[in-house]
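Student: I have a model open and would like to learn how to read it. Can we go through it feature by feature?

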Amino acid sequence: MIPLSITGDEAPTVNITSHSNGDVLEGSQSTLIARVSDPEDAAEDLMVQWVSDIDGVIPAVADVDGLVQTDWEPLMVGDHQLSIEVVD
């Protein structure tokens, strides 16, 4: 007999630190900042991407501390809705 312990996979967490909901960004470039973590996986192993409803996927990477800093220059003018997706 081999004893096994099976645990559930907990979802990663994300906290957007810049910018706030409703912020209006002027100019051509902005830095998007978030912090990610996961109880089972190292932050740098998480798949992270920002998503603009106009421009689509904005690739991102978390460092060993879970910090995600992405320089973003919109491809299209308009009111972008941004979100961040994190998958373990």
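Student: Where does Ser52 lie?

Tutor: This is a predicted model, and in it Ser52 lies in strand E3.

Student: Which residue stands opposite Ser52 in E6?

Tutor: Leu82 stands opposite Ser52. The two strands involved, E3 and E6, pair in the antiparallel sense over 6 bridges.

Student: How should I read distance along the chain against distance in space?

Tutor: Take a pair of residues and set the two values side by side. Ser52 and Ile2 are 50 residues apart along the chain, and their C-alpha atoms are separated by 48 Å. Asp79 and Asp53 are 26 residues apart in sequence, with 9.0 Å in space from C-alpha to C-alpha.

Student: What holds strands together in a sheet?

Tutor: Strands of a sheet pair through backbone hydrogen bonds, and the pairing is either parallel or antiparallel.

Student: What is the order of the open sheet that contains E3?

Tutor: The order is E4-E3-E6, an open sheet of 3 strands with antiparallel pairing. E4 and E6 are the edge strands, each pairing on one side only. Neighbouring strands of this sheet are turned by 30° against each other on average, direction ignored.

Student: How many bridges join E3 and E4?

Tutor: E3 and E4 pair over 5 bridges, in the antiparallel sense. Within this pairing, Trp50 stands opposite Ile58 in E4. A hairpin through 3 residues joins E3 to E4.

Student: What is the strand order in the open sheet with E1?

Tutor: That open sheet has 3 strands in the order E1-E2-E5, and the pairing is antiparallel. Its edge strands are E1, residues 13–18, and E5, residues 67–72, each of which pairs on one side only. From one strand to the next, the twist averages 25°.

Student: Over how many bridges do E2 and E5 pair?

Tutor: Strand E2, residues 30–37, pairs with E5 over 6 bridges in the antiparallel sense.

Student: Is Ser30 buried or exposed?

Tutor: Ser30 is placed in strand E2. Its relative accessibility is 10%, so Ser30 counts as buried. Ser30 and His19 are 11 residues apart in sequence and 9.2 Å apart in space, C-alpha to C-alpha.

Student: Where does His19 lie?

Tutor: His19 lies in the loop between E1 and E2. A cis peptide bond joins Ser18 and His19, with omega at about 25°.

Student: Why does Asp79 count as exposed?

Tutor: Asp79 lies in the loop between E5 and E6. It counts as exposed because its relative accessibility is 72%, and the cut-off for exposed is over 50%. Ala11, in the segment before E1, is also exposed, with a relative accessible area of 59%. The C-alpha atoms of Ala11 and Val36, 25 residues apart along the chain, are separated by 11 Å.

Student: What is the idea behind a nonpolar core?

Tutor: In soluble globular proteins, nonpolar side chains tend to be buried together. Here the largest nonpolar core has 13 residues, of which Val36, Val48, Trp50, Val68, Ile84 and Val86 touch the most other members. The elements giving two or more residues to this core are E2, strand E3 (47–52), strand E4 (56–60), E5 and strand E6 (82–87). E2 gives the most, with 3 residues.

Student: What volume does the largest pocket have?

Tutor: Its volume is about 650 Å³. The largest pocket is lined by 25 residues, and the closest to its centre are Asp23, Leu25, Trp72, His80 and Leu82.

Student: How do the residues of the lining divide into nonpolar, polar and charged?

Tutor: The lining of the largest pocket has 10 nonpolar, 12 polar and 3 charged residues. E1 and E2 each supply at least two residues of that lining.

Notes: Residues numbered from 1 in each chain as written. Predicted model: local features only at pLDDT ≥ 70, side-chain atom pairs only at ≥ 80, totals over all residues. Heavy atoms only, no water. Pairing = 2+ DSSP bridges. Helix = DSSP H or I, 4+ residues; strand = E, 2+ residues; numbered from the N terminus. Axes fitted to C-alpha atoms, helices over the stretch in contact; angles between N-to-C directions. 1 Å grid on protein atoms, 1.4 Å probe; cavity = no way out; pocket = protein on both sides within 12 Å on 5 of 7 lines; lining within 4 Å. Points joined across faces, edges and corners; volume = space filled by probe spheres on them. Nonpolar A, V, L, I, M, F, W, Y, C, P; charged D, E, K, R; others polar. Core = buried A, V, L, I, M, F, W, Y, C linked by side-chain atoms within 4.5 Å. Buried < 20%, exposed > 50% of the residue type's maximum accessible area, 1.4 Å probe, protein only.
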